[in-house]
Amino acid sequence: MNRLWLQLALAFALVTLVSTLTVALVANATADATFRGYLAQTQLAESGLVERLADHYTAQGSWSGVEPLLTLAPGSGMGMGREQGQGHGQGMMMGSSLSLADAAGRVVADPAGVADESTLSAQERAAALPVVVAGRTVGYLLARTPPGAALPTAAQRFLSSLNGTLWTTGLLAGVLGLAMGLLVARGLAAPLGQLATGARRIAAGQLTERVPVAGPAEVRTVAAAFNEMAASLEAGEAQRRQMVADIAHELRTPLTVIQGNLRAMLDDVYPLSKDEVATIYEASLGLRRLVDDLRELSLAEAGRLELRPQSVAVAPLLAREVALFADLAAAEGVELQADATPELPDALADPERLAQILHNLVSNALRHTPAGGSVTLRVEQSTAEGGSARMLRFAVIDTGAGISAADLPHVFERFYRTDRGRAREAGRSGLGLAITRQLVLLQGGAISVASTPGQGSRFWFTLPAVSGA
């Protein structure tokens with residue numbers, strides 16, 4: 001009983017059974033009453049009483065003194081039986097009562113006293129036999145038959161056959177309803193069972209598991225959401241494994257340097273001198289920078305990096321970045337310049353994190369720009385998507401070698417190398433652009449890159465401008 005399809009099937013069966021019984025009982029009662037009324041009216045029409053009532057009204061001009069005609073009517077319950085029907089028809093069913101109403105429906109004669117001093121309802125007038133004189137309806141003759149009144153043998157057989165047909169039809173409807181209920185219940189329960197099986201396989205580590213998107217709209221929605229979740233988990237697991245492999249690869253180089261130098265000292269291959277210790281120290285610093293970058297990136301991706309947004313003047317910030325990298329640019333033979341007008345509004349950002357973003361982008365541009373090239377820092381005002389908030393667009397433009405179309409979508413991924421054959425430069429963790437992207441996103445901006453191989457690259461990001469500035 002704890003299976004959903006079984007519970008649904010039993011519920012369908014119960015509803016079908018109750019509905020069938022109700023319809024059968026109502027149909028049986030309605031058919032019995034309708035048939036008895038029809039039979040009584042038919043026998044009444046054949047008895048010739050309507051014609052005698054019309055003759056009485058024609059002779060009297062009213063219904064005065066008409067009650068004896070109803071009292072002596074055969075089968076009326078007041079007369080002497082079928083034999084005294086004066087040869088007119090079979091006579092009425094025993095126990096029937098007759099009522100006569102005038103043209104307005106008011107009862108004028110009722111020997112049994114069933115409807116004395118009352119008015120026929122619209123339904124009763126529709127079922128009554130009209131008494132017509134000279135083309136005008138002057139009265140209504142109604143036969144009332146109690147439910148338990150005796151029926152002729154043929155009529156009783158007909159009614160029993162009709163009731164049997166109703167019950168048989170109801171039983172067939174119940175069986176069909178139960179069968180349809182089973183089909184519907186299985187159709188609803190099967191996709192849910194597939195979802196449960198898929199969830200268990202996902203929990204067991206089979207992240208490639210997917211379920212068919214079938215069934216009602218609600219079930220299809222759940223199945224599609226399940227598949228999206230599974231795909232996300234699979235992508236996340238692949239990313240986690242790649243990150244672990246990348247971290248292990250990045251840690252291997254400084255650890256190898258430290259281990260090799262220490263082993264050489266222990267084997268007296270290298271003398272225990274300050275120069276050798278300095279080499280080990282530099283390797284440990286690179287290891288520390290990698291660990292710090294990993295921690296900062298994880299905090300940024302989790303949204304737990306502490307930010308202090310405030311108004312930041314743009315032009316002085318760019319001037320400081322140019323001054324900071326001026327010596328390095330001169331040593332590399334690269335022209336470094338800033339392009340920002342004093343009329344620009346202030347940026348709403350964390351000043352330290354904004355400086356870190358520019359530092360990462362400028363150092364990356366200088367590293368990939370050959371001698372004789374140039375790097376430009378540019379800021380301009382723009383509008384956010386939708387045209388509501390004002391934004392500042394920062395750009396770092398270089399004339400370096402550029403980035404290939406295949407590498408362009410991956411430049412902000414952690415540990416991604418455009419030159420896979422070259423080892424990581426000393427002091428570089430390979431996380432700078434990944435951290436830069438997260439810092440921009442955390443401050444409500446967007447970041448992207450455009451590049452043409454052989455012509456240089458353009459990294460740009462947006463940040464909100466101070467309102468009213």
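Buried means under 20% relative accessible area, exposed means over 50%, and partly exposed lies in between (1.4 Å probe, protein chains only). The model is predicted: local features need pLDDT of at least 70, side-chain atom pairs count only at pLDDT 80 or more, and totals for chains, interfaces and linings use all residues. Residues are numbered from 1 along each chain as its sequence is written, and side-chain values use heavy atoms, with hydrogens and water left out.

**Exercise 1. Describe helix 9 and its burial.**

Step 1. Helices (H or I, at least four residues) and strands (E, at least two) are DSSP runs, numbered from the N terminus. The protein has 10 helices and 11 strands.

Step 2. Check the length. Helix 9 has 17 residues and spans 24 Å from first to last C-alpha, close to the expected 24 Å at 1.5 Å a residue. The expected span is 1.5 Å times one less than the number of residues.

Step 3. Check the burial. For the protein, 37% of the 469 residues are buried.

**Exercise 2. Describe how helix 9 packs against helix 8 and helix 10.**

Step 1. Two packed helices are described by the angle between their axes and the distance between the axes. Axes are lines fitted to C-alpha atoms, for helices over the stretch in contact, and angles run from 0 to 180 degrees between N-to-C directions.

Step 2. Take helix 8. Helix 8 and helix 9 pack at about 35°, with axes 11 Å apart. Their crossing is right-handed. Contact means heavy atoms within 4.5 Å. Residues making the contact include Leu317, Leu318 and Phe325 of helix 8 and Leu354, Leu358 and Val362 of helix 9.

Step 3. Take helix 10 (residues 432-442). Helix 9 and helix 10 pack at about 145°, with axes 10 Å apart. This crossing is left-handed. Ile357, Asn360 and Leu361 of helix 9 are among the contact residues, as are Leu433, Thr436 and Leu439 of helix 10.

Step 4. A crossing is left-handed if the near helix is turned anticlockwise from the far one by less than a right angle, and right-handed if clockwise.

**Exercise 3. Find the bend in helix 8.**

Step 1. Helix 8 (residues 314-332) has 19 residues and reaches 26 Å, close to the expected 27 Å.

Step 2. Helix 8 bends by about 50° at Ala326. The bend at a residue is the angle between axes fitted to the seven residues ending there and the seven starting there.

Step 3. Buried residues of helix 8 include Val314, Glu321 and Phe325. Gly333 follows helix 8, with a positive phi near 75°.

**Exercise 4. Where does Leu431 lie, and is Leu431 buried or exposed?**

Step 1. Leu431 sits in the loop between strand 9 (390-398) and helix 10.

Step 2. Its relative accessibility is 0%, so Leu431 counts as buried.

Step 3. Leaving aside neighbours within four places in sequence, Leu431 contacts Leu290, Asp293, Leu294, Leu297, Arg414 and Phe415. Leu431 and Asn360 are 71 residues apart in sequence and 9.9 Å apart in space, C-alpha to C-alpha.
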